[in-house]
Amino acid sequence: MTLHNAGESLAHEGPNAEQIEYWNGDAGDRWARYQDKLDGLLQPFSEAVLHIAAVKPGDRTIDVGCGCGATTFELAARAGTGGKTLGVDISAPMIARARQRAEAMKSPAEFMLADASAHPFAPGSFDLLASRFGIMFFLEPVPAFAHMRAALAHGGRVAFACWRPMKENPWIAAPLFAALPHIPKQEPAIPGAPGPFAFDDRDRLHGVLTKAGYSAVEIEPFDAPLAVGTGTDPVADALQQTLDIGPLARIFRELDDEQRRLSTGAVQEALARHVKDGRVVMGGAVWLVTARA
């Protein structure tokens with residue numbers, strides 16, 4: 001089942017306009033193409049989110065920043081026929097992919113192209129707000145989370161995963177640091193800015209949720225090995241993914257041929273150091289977060 005029409009678009013307006021534009025361009029297309037690969041890569045964190053979400057039969061769930069629907073389908077399966085599960089994302093390419101998958105799987109999950117921080121959900125519409133890496137992109141996180149809290153029933157549950165600091169995530173950090181000597185100097189990241197590591201600071205994350213009106217906030221670390229590269233040539237597989245999505249993808253688009261050649265070689269060498277049992281395996285580190293509305 002779908003909400004809205006095929007070919008729809010989301011206006012590039014409001015505080016999250018820059019993110020809406022980005023995820024409806026080439027980035028959204030690339031992530032949709034990598035859906036199978038990313039689902040496998042991030043499976044340990046999907047399972048962790050599902051565990052802390054503790055979905056009950058009949059639960060009404062919203063999956064914020066659902067991407068291509070991996071966690072949405074699992075949430076819907078656990079809620080059963082008496083439940084309702086809605087995946088929401090700002091990326092038209094990923095929502096389109098999620099809807100294709102829902103039809104093929106005959107899943108009851110529904111999908112909506114919308115900005116969850118602004119869409120006028122009916123008050124008390126959901127029992128659970130869940131997310132796997134979909135809640136770090138709000139320019140104004142406190143109002144965003146307060147808005148989403150209004151869509152939860154009184155005492156409604158929150159369960160999501162977000163990345164810990166980059167230095168604790170070698171699957172991202174190692175390739176990036178390997179490339180740095182061969183690329184123009186990068187502007188330092190602004191702490192708390194929208195992006196993968198917006199909530200890497202545990203204290204800031206706790207403050208955002210409490211200021212937005214949530215209670216019983218718990219934030220725990222969780223680590224897992226990630227199979228970044230697989231197949232007959234796992235290093236080549238990991239290299240292609242690393243240069244197509246993630247922080248390096250943006251940087252590489254701005255490089256000249258020589259910078260790209262040197263950077264690619266350095267990243268390849270860095271990835272090759274992590275081959276284990278025929279796969280490139282590197283660590284990933286997240287916060288697992290629960291709270292009550």
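**Exercise 1. Decide whether the radius of gyration of the protein agrees with that of a compact globule.**

Step 1. The model is predicted. Count the residues: the protein has 293.
Step 2. Apply the globule rule, 2.2 Å times the number of residues to the power 0.38. A compact globule of 293 residues would come out near 19 Å.
Step 3. Compare. The protein has 19 Å, so the value agrees with the rule.
Step 4. The C-alpha trace spans about 55 × 40 × 40 Å along the principal axes.

**Exercise 2. Find which stretch of the model has pLDDT below 50.**

Step 1. Start with the whole protein. Its mean pLDDT is 95, and 98% of its residues reach 70 or more.
Step 2. Locate the stretch: pLDDT is below 50 over residues 1–6.
Step 3. Check its contacts. Beyond near neighbours in sequence, residues 1–6 have 16 contacts in the model.

**Exercise 3. Describe the fold by its elements, contacts and burial.**

Step 1. List the elements: 12 helices and 8 strands.
Step 2. Take contacts between residues at least 6 apart in sequence. Of these, 81% join residues at least 24 apart.
Step 3. Turn to burial. Buried residues make up 52% of the 293.
Step 4. The protein exposes about 13,600 Å², with 54% supplied by carbon and sulfur atoms.

**Exercise 4. Classify Arg 101 as buried or exposed, and list its contacts.**

Step 1. Use the cut-off. Buried means under 20% relative accessible area. Arg 101 has 13%, so it is buried.
Step 2. Leave aside neighbours within four places in sequence. Arg 101 then contacts Gln 35, Asp 39, Cys 68, Gly 69, Ala 70 and Phe 73.

How values were computed. Residues are numbered from 1 along each chain as its sequence is written. This is a predicted model: local features need pLDDT of at least 70, side-chain atom pairs count only at pLDDT 80 or more; totals for chains, interfaces and linings use all residues. Side-chain values use heavy atoms; hydrogens and water are left out. pLDDT is the predictor's confidence in each residue, from 0 to 100. Contact means heavy atoms within 4.5 Å. Helices (H or I, at least four residues) and strands (E, at least two) are DSSP runs, numbered from the N terminus. Buried means under 20% relative accessible area, exposed over 50%, partly exposed in between (1.4 Å probe, protein chains only). Accessible areas come from the Shrake-Rupley method with a 1.4 Å probe; for residues, only the protein chains shown count as cover.
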